[in-house]
Each structure stands twice: as structure tokens, then as C-alpha cells.
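Thanks for coming. I will walk through a few local features of one structure, and I will keep to what can be read from the atoms.

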Amino acid sequence: MSKTATLEFDGKKYEFPVTVGTEDEIGIDIKKLRGEAGLITLDPGFKNTGSCESAITFLDGEKGILRYRGYAIEDLAEKADFLEVVYLLIFGELPNKEQLEKFNKDIKEQSHVDEEMKKILDGFPKSAHPMGVLSSLTSALIAFNPSSVDVSSEEDMYKAIVKILGKFPVLAAWTLRKKNSLPLNYGDEDLGYVENLHKMMFEKPNKAYSVDKAVIDALDKLLILHADHEQNCSTSTVRMVGSSHAGLFASLSAGISALWGPLHGGANQAVIEMLEKIKEDGGDTHKFMQKAKDKEDPFRLMGFGHRVYKNFDPRAKIIKKSADEVLAQLGVDDPVLDIAKGLEKEALEDDYFVKRKLYPNVDFYSGIIYRALGIPVEMFTVMFALGRLPGWIAQWREMRLKKEPIGRPRQIYVGENHREYKPLGNR
Ligand code: ACO
């Protein structure tokens, strides 16, 4: 295959090198385009722009493939536990027994949050959305851990990573406890990462804590499915903020804000709210399908469509099966599951959705499982953030180790040409 691409513009030809990935994806390296031809590329929403070379996650949206570090998502969801996947994403290999135990122990040792942080949490109204609170608390962690990470030291990098992996679940659990007027707590050293998280979220001060294993297994699987998804909006945000050499916690805080939006991680909350609305309206899925297709109507079928998947989102397949299993195991009968299945069936047979290759995405069914696990709707996107944390960390680490330049896109200016300033009295 030719290793260059040729661009012809204004009668001149320009050659650009071509980069081929390990899965034969091809990118034209246009770093010198502006210098040589005085041109830039224009791609709002970065629909066709590669921002980096990455060895973390591979996805093929046409074929519905998703792999972390080469391992199929189906295998990881079925056979691995979340902490193994966290290690895999960040360090590149599955841990052996000793590595995993050490990792777990190091995280647990860092899972104390400064008591002063409770005062910050106290300042938020109870009505505050947990994602806003989580983003602020993650940013506030910087004040209590001010030393900057020396990214040239693997040890320093490791310390920062276990620190955030230890403290983040505590902060996430606190956002829920505050909403539910429960005393703020810390985890239990003897529990696994996911069970510990669950205990921190739900433990009552007057009741011995216990949980159904099916709940922890389902939560573990959901966290794995959300753990990374290459250069999505929040991950690109983390890399972009980190590229200015802002610290890990600051970069993560920005990523949390990006994830909050309903077009991204906030979709899981939006899906359940939409399904509830359809139920309250009498359950006529056809009516809402028509609304989704009507260009005059701002309504969109939440949980449908994806920037990259133009085929079934492989995570949605796993989650749909899991939703059926978990609800049966826990004996939950949720009518919105039937509405979801009805919508999916109609959409998959509808010309509008078929033509545009709109399939259910990971969040179409995740909210139904979260609800069955007793997680309140406003916490859904926080659960997504807990899952995505290792992906953000892995991507930030990769970006810093590769010494990537500061992210700074260009633009085509379409505003006014030069104008004379008019004094206030003459306007
Ligand atoms: N319902 C109805 N129509 C849709 C939907 C939808 N959910 N999604 C896309 N379309 C239509 C668009 O109107 C557009 O139609 P047109 O070609 O006639 O103008 C076409 O499909 C392409 O859609 P775009 O918005 O251009 O696709 P884009 O890649 O920019 O957006 C996105 C992807 C944001 C996910 C979009 O599909 C969407 O808004 N979906 C609903 C929100 C959602 O579920 N987000 C979660 C994404 S997954 C995640 O973050 C974990």
C-alpha cells in the first residue's frame, strides 16, 4: 500500500505520510498541511479526525467490535472482574495474582479522604446534581493533594493513580449519602473494590450491611462495560485538559463535567426518564417513534444512535441479556423494560432508524439494571463515571508518557472583517 496520500489544491500537489494502525486503520498525517499548503482541515465535532495514536482500546463501529488492550469486551465482561480490567487498561497487561493483590492493597491504603472535604460537601444544597458535586469534589482533592505528579517517574505516576482510584469511590458514595441524609462513611478494607463501593453507597447506620451477590456481579459487569471507549467526548476532554500539564485530578474533574451531558453519559438518566414518560403517557411507543423522526420535534430517542457504532453497540447486546437475567434473579418486574424492548423492536424495523444506522447504545438498557439494583436515577451518570475512571486515567497516562503536545485546534474565522471602533456616544 502507498505510504503517502496526495492532495491537489490550486494546481499544486502535496504529499502526506500515511499512518497505518495494528488493525489496518489508516490516517493521513496532516501535521505539515498548514506549513506547506497554508490550509487546515475543517471537521466540527471531530467526526473524522484522529487526535492521537493509542494502544488502549480498539473499536470497529461498522462491525460492532470493542476490545480493551486486545481483549474482547464479551470475554472481559464474562470472565474478568472490574479491578483486573482497571489494571489492564492502565498498565497494558492483565495482572497476575500478586500484582492484583498489591494493586488492591495500595488502592485501599489511599482510600481515606481528608475530613475537611466534608465541609466542602456540606456547602452544596441537597438538590444539587451528584455529577456537579462529584466534579467539584474531584477538583477540590487537588487542594488536599497539592504536590504535582512527576510524570517521568513511574512510581510517582503509580501513587497518583492509586490515590484517585481509592478516593473517587468515597466521593461518589458521599454524593449519594448526602442526598439521602446518611452519615458520611469510609470503605471496608476487607471487601473487593465493587462490593466496597456498594457498601459505602448503601450502608445504613442502624442496620448490618448485606448484599445479594447478583447485585455485585451485575454492578461489576456494568463498570467493565463502561471502562473505556477510546476518544469519546469525556476522554478527549481529559486528554485535552491534561495536555496543558494540568494535573490528573483537574483533568478528571473536567472529564466528569463532559460526561454529565445528556448526549454522552447523561443519556442513561435521560433514557429512564424517557421510558417513564412513555409509560405515564399510556405506553404508546409508536407515538414516540413518530416524535423522534419528526425534524420539527426536538425529541430524540435517548439511548439510540452512536457517533461511532453504525451497527449494534456490543455493550448493548451484553447489557440487554444482563438486564433480563438480573431482573429475574432479583425478582424485579419493571414495566419500563417491556417499553424499552417494544421501542427497540420498532426502531430496528423502522426505515428512518435503519437508514441512519441507529441502534441501541450501551445506555439504552443500563438504567433499567441500575434501577433494579436500587440506584437512584440521578446517580446513573455517577455510576458511569466510576466505570470510566480507569479509562480516563489510562488515556491521561498514555498522553503524558508520549509527551503529546498541548491540544489546540484551529478554526476558520467567519466573523466581521476589520472595523473602526465607534465611541459610545456615536453608536
Ligand atoms: N433519535 C432520533 N434521531 C436520531 C437519533 C436519535 N436518538 N440519533 C441520531 N438521529 C438522527 C439525526 O437527527 C440525524 O438525522 P439526519 O441525518 O436526518 O439529520 C442522523 O440520525 C445522524 O445523527 P447525528 O446527531 O448527526 O449523529 P452524531 O454522531 O452527531 O450523534 C449521538 C450521535 C449524539 C449519540 C446521537 O445519536 C444522539 O443524540 N443519541 C441520543 C443520545 C444518546 O443516547 N447518547 C448516548 C451516546 S452513547 C454514550 O455516550 C455512552
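One definition before the residues: here a residue counts as exposed when its relative accessible area is over 50%, as buried when that area is under 20%, and as partly exposed in between. Keep in mind as well that this is a predicted model.

How many salt bridges does the structure hold? There are 28 salt bridges. I will pick out some others.

One of them joins D350 and K293, with the closest N and O atoms 2.7 Å apart. D350 is in the loop between α15 and α16, while K293 is in helix α13, so this pair ties together parts that are 57 residues apart in sequence. Is D350 buried or exposed? With a relative accessible area of 13%, D350 is buried. K293, at 22% relative accessibility, counts as partly exposed.

Another salt bridge is between K287 and D281, again with a closest N to O distance, here 2.7 Å. K287 has a relative accessible area of 39% and is partly exposed. D281, at 38%, is partly exposed too. There is also a network of salt bridges, which links E276, K279, D334 and R371.

Now to helix α13 itself, residues 285-293. Its buried residues include T285, F288, M289 and A292. Looking down the axis of α13, the buried residues fall within an arc of 105°, so they line one face of the helix. What do these buried residues pack against? They pack against α12 (267-280), α15 (335-349) and α16 (351-355).

At the start of α13, a side-chain oxygen of D284 comes to within 3.1 Å of the backbone nitrogen of H286. Past the helix, D297 is located in the loop between α13 and α14 (314-330). The side chain of D297 has a polar contact with the side chain of K291, at 3.1 Å. That side chain of D297 also reaches the backbone nitrogen of F299, at 2.9 Å.

Next, a residue in another helix. W396 is in helix α18, residues 380-401. Its relative accessible area is 1%, so W396 is buried. Which residues does W396 touch, leaving aside those up to four places away in sequence? They are V149, V151, M157, V238, G242, A246, G247, L248 and S251. Of these, take G242: W396 and G242 are 154 residues apart along the chain, yet their C-alpha atoms are separated by 6.5 Å.

Last, the surface. L42, I412 and V414 make a nonpolar surface patch of about 350 Å². L42 is in the loop between α1 (33-37) and β4 (57-60). With 61% relative accessibility, L42 counts as exposed.

That is the end of my walk-through. Questions are welcome.

Notes
Residues are numbered from 1 along each chain as its sequence is written. This is a predicted model: local features need pLDDT of at least 70, side-chain atom pairs count only at pLDDT 80 or more; totals for chains, interfaces and linings use all residues. Side-chain values use heavy atoms; hydrogens and water are left out. Patches are made of residues with over 30% relative accessible area and no salt bridge: like charges are joined within 9 Å, nonpolar side chains (Val, Leu, Ile, Met, Phe, Trp, Tyr) within 5 Å. Accessible areas come from the Shrake-Rupley method with a 1.4 Å probe; for residues, only the protein chains shown count as cover. A salt bridge is a side-chain nitrogen of Lys or Arg within 4 Å of a carboxyl oxygen of Asp or Glu. Helices (H or I, at least four residues) and strands (E, at least two) are DSSP runs, numbered from the N terminus. Buried means under 20% relative accessible area, exposed over 50%, partly exposed in between (1.4 Å probe, protein chains only). The arc is that of the directions from the helix axis to the C-beta atoms. Contact means heavy atoms within 4.5 Å. A polar contact is a pair of N or O atoms within 3.5 Å; within protein, one must be able to donate a hydrogen and the other to accept it, and residues adjacent in sequence count only if both atoms are side-chain atoms.
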